[in-house]
Amino acid sequence: MSIVSPIRIFRSAAKQKPVQPVGRRFLVGLVLASLGVSTSCSATECNGKPDALGTSRVIAVDPKDHPRIGTMQYPETLPLADHEVVITFDDGPSPRYTDRVLEILASGCVKATFFMVGRMAATFPDEARKVEAEGHTIGTHSLSHPFTFGRMTEGQAGQEIDGGIAAVGTALGSPEKLAPFFRVPGLLTSERTEAAIASRGLMTWSADVPADDWLRISSAEIVKRAISRLEAKSRGILLLHDIHERTVGALPHLLSELKTRGYKVVQVVAANATSAKSETTPEQWRLPPARAEEKPAVADAPPSTAAPTKKAAALRRIEGSSSRLGGAKGF
Ligand SMILES: [Zn+2]
C-alpha cells in the first residue's frame with residue numbers, strides 16, 4: 001500500500017494559539033520571573049476566571065527531528081521548561097466521559113492532546129468532532145487498540161496505524177485535522193512497530209507521568225499520584241484516559257492542584273507551513289535529573305526508564321483489565 005507523505009497530509013489542529021518559539025519564550029519567562037511578572041494566562045484570557053489554569057503557550061514540533069518522546073520509555077521528552085505540563089488523554093472518544101472532560105478543560109481554558117482509537121472515533125464521530133472543535137490536538141492510538149504491537153510485523157503494525165488514522169480522519173471529516181502523533185496501545189512497542197511509525201512521518205508519544213487512572217483507585221489517588229510523580233520530574237507529559245469515571249472525577253481537582261503548585265499547561269502541535277517549528281536546543285528535550293527529595297511518594301511508583309520491558313508488561317496487564325472494566329467496547 002502506498003503512503004503519500006504523511007507529513008504533507010497532516011496539519012495541526014485548527015483554532016490554535018499563535019506558536020511561540022520555546023527558547024525565546026523561556027528566556028522571556030526567565031526575565032519576567034526575575035521581575036516578579038507572571039507569564040501565565042490572565043483572568044481575561046479565560047472568561048474572567050482568575051483561578052483558571054489556562055494554557056500558557058503552544059509549541060510546534062517536527063517528528064523528523066524527535067521521533068520518540070516520553071521518558072517512561074525513551075531518552076527524550078518534549079522541550080518543556082520547569083513546571084510545564086502537557087496533558088494527554090487516550091482511548092476515547094467516548095460520549096459518556098469525553099463530553100465531561102471537554103467541559104472541565106474548557107472551564108479552565110486548558111488545551112490537551114487526545115490520542116483517539118479509530119473504532120471509538122468511527123462509533124462516536126460527533127464526539128471526535130467536538131474535541132477538534134474545542135481546539136485540542138488530536139493524535140491517534142491505532143484502529144482497534146490491540147495489545148500486540150510488540151509482536152507484530154512492521155506490515156501488521158502499519159495496518160493498525162493506518163487504519164486508526166483513516167478512521168479518526170474520517171470521523172473528523174479530514175485527515176488534515178490530525179496531528180502526526182501516535183501512541184502505541186499499552187506502550188507495548190517494538191523496533192518493528194517504531195519503524196512502521198517512523199516510516200509514516202509520525203512521532204511516537206510515550207509519557208513522563210502516569211496517573212494510574214486505569215486502575216481501580218479513587219479520583220483522589222489519581223490526583224495524588226499524578227502530582228507526586230510530576231513533582232519528581234518537575235515537568236512532563238501526563239498520561240490520562242477519557243474512558244473512566246474516576247478520571248473525570250479527578251480532573252477538576254488535578255487542574256486546581258496544578259494551578260496552586262504553579263504549573264503551566266503547554267499545548268503541542270505539529271510544525272507545518274502555518275506553524276513554524278519552535279526553536280529549541282538539544283538539552284531541552286531531556287529531563288533534568290530528578291531531585292532526591294522530590295521522588296514519588298507513592299508506594300507503587302512506576303519503575304525507572306531502565307526497565308521498559310517490565311513496565312510495558314505491567315501496563316499491558318493493567319490497561320487491559322481496565323479496558324474490560326471501562327465499558328469502552330473492549331478497547
Ligand atoms: Zn490505550
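Reply: A nonpolar core is a set of buried Ala, Val, Leu, Ile, Met, Phe, Trp, Tyr and Cys residues joined through C-beta atoms within 7 Å. Please note that this model is predicted.

Me: Which residues of the largest nonpolar core touch the most other members?

Reply: The largest nonpolar core has 79 residues, and those touching the most other members are Val86, Met116, Ala121, Val168, Ala226 and Leu238. Helix 6, residues 154-172, gives the most to this core, with seven residues.

Me: With which residues is Val86 in contact, leaving aside its neighbours within four places in sequence?

Reply: Two residues are in contact if their C-beta atoms lie within 7 Å. With those sequence neighbours left aside, the contacts of Val86 are Leu78, Leu80, Thr113, Ile237, Leu238, Val266 and Val268.

Me: How are the buried residues of strand 1 divided between its faces?

Reply: In a regular strand, side chains alternate between the two faces of the sheet. On one side of strand 1 lie Arg57, Ile59 and Val61, on the other Val58 and Ala60; all are buried, and both faces are covered. Strand 1 runs parallel to strand 10 (residues 264-270), and five bridges join the two. Val266 in strand 10 is the bridge partner of Arg57.

Me: Let us turn to the backbone. Where is Leu187 found, and what is its phi?

Reply: Leu187 is found in the loop between strand 6 (181-182) and helix 7 (191-199). Its phi is positive, about 60 degrees, although Leu187 is not a glycine. Leu187 counts as buried because 25 other C-beta atoms lie within 10 Å.

Asp212, in the loop between strand 8 (209-210) and helix 8 (219-233), has a positive phi of about 60 degrees and is not a glycine. Asp212 is buried, with 21 C-beta neighbours inside 10 Å.

Me: Is the peptide bond from Gly92 to Pro93 cis or trans?

Reply: That bond, from Gly92 to Pro93, is cis, with omega near 5 degrees. Pro93 lies in the loop between strand 3 (84-90) and helix 3 (95-107).

Methods: Residues are numbered from 1 along each chain as its sequence is written. This is a predicted model: local features need pLDDT of at least 70, side-chain atom pairs count only at pLDDT 80 or more; totals for chains, interfaces and linings use all residues. Helices (H or I, at least four residues) and strands (E, at least two) are DSSP runs, numbered from the N terminus. A residue is buried if 20 or more other C-beta atoms lie within 10 Å of its own, exposed if 12 or fewer, and partly exposed in between; C-beta atoms are placed from the backbone. Two strands pair if DSSP finds at least two bridges between them.
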